[in-house]
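Notebook open, structure loaded. I wanted to look up some helix packing and strand pairing, and jot down what turned up.

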Amino acid sequence: MKLLSPLILLFQAVFLILWLVFWITVSGLAALLTLNGELPLMMARRFWAPMHWHITGSPLHVEPLPDVDWSKPHIFLMNHQSAFDIPVAFAVIPVNIRFIAKHVLKWIPFLGWYMAATGMIFLNRSNRREAMRSLKLAGERIRAGSNILAFPEGTRSKDGRILPFKKGSFVLAVEAGVPIIPMAVEGTRGMLPKGSIRLRRHPIRVKVGQPISTEGIKGAEREVLMNQVRDIIIQLHRDIGGEGGVPEEPPASENPQNADLAP
């Protein structure tokens, strides 16, 4: 088996790349033929995303979803363990979602084209003006009815524990005036750890919390909201077997360009 491992790894990597290209092409053609811009996102949820754990034989267990009016827009905030968190979120959330991504992704062939065509938000964290423009665009998309996914830690956790949150996603939620839905994922780090390219079989568990209102939140109350949401995500994480959060929490950045909403 040790001799076969590199070949299996190569097969999995090549297959997932081809799988991505195939579904981007198919969904793009379907959108052109039907003039339905939401169709590619639906196809990503139902067809593209599940292969990421099926290919390793990893079971996905989702706790019963809360009673939510899915017809209304929300901001979904989830802890971040792996690059596989995005396909997991696509499959678990029962509505089409768009997410805020690093601006460099838009230059990747097929993936960048798909993201731009489906209305994903590209965030340039090194440029304050562009970062503010991206957050404003995200707010406009939400008010127009889009659901947005963000990772408030700003980066993937190396040990699985939830890192301190940054304020960008909470500024966005308050300005858009939509509820926050907290989510926790556990196990994707076991499938694909940060910095690794080796896929592993590992159980994945997800739990979605109740919506949290942002109505009436002003000024310093955003930090109270941020701490409240983090506490809830930590508890959700523990409920599904995670370790919760890091013991010490340094203050989050005030600068929107360091909001690090992107995966």
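Which residue in strand 7 is the bridge partner of Ala184? I looked it up, and the partner of Ala184 in strand 7 is Lys207.

Ground rules before going on. This is a predicted model, where local features need pLDDT of at least 70 and side-chain atom pairs count only at pLDDT 80 or more, while totals for chains, interfaces and linings use all residues. Residues are numbered from 1 along each chain as its sequence is written, and side-chain values use heavy atoms, with hydrogens and water left out.

**Entry: strand 6**

I checked the pairing of strand 6 (residues 180–186); strands here are DSSP runs of E with at least two residues, helices are runs of H or I with at least four, and both are numbered from the N terminus. Pairing takes at least two DSSP bridges between two strands. Strand 7 (residues 204–208) joins strand 6 antiparallel through four bridges. Strand 2 (residues 75–78) runs parallel to strand 6, also with four bridges. In that pair I found Phe76 opposite Ile181.

Next I asked: is strand 6 enclosed or open? Seven of its seven residues are buried, so strand 6 is largely enclosed by the rest of the structure (buried is under 20% relative accessible area, with a 1.4 Å probe and protein chains only). In a regular strand, side chains alternate between the two sheet faces. I listed both sides here: Ile180, Pro182, Ala184 and Glu186 on one, Ile181, Met183 and Val185 on the other, and both faces are covered.

**Entry: helix 7 and its neighbours**

I took helix 6 (residues 128–143) against helix 7 (residues 168–176) to begin with: the axes come within 9 Å and cross at roughly 45°. Axes are lines fitted to C-alpha atoms over the stretch in contact, with angles from 0 to 180 degrees between N-to-C directions. For contacts (heavy atoms within 4.5 Å), I noted Leu135, Ala138, Gly139, Ile142 and Arg143 of helix 6 meeting Leu172, Glu175 and Ala176 of helix 7.

Then helix 9 (residues 221–239): its axis lies 10 Å from that of helix 7, at an angle of about 115°. Helix 7 and helix 9 are therefore roughly perpendicular. Phe170, Val171 and Val174 from helix 7 touch Arg222, Leu225, Met226 and Val229 from helix 9.

How values were computed: Parallel < 35°, antiparallel > 145°, perpendicular 65-115°, else oblique. Buried < 20%, exposed > 50% of the residue type's maximum accessible area, 1.4 Å probe, protein only.
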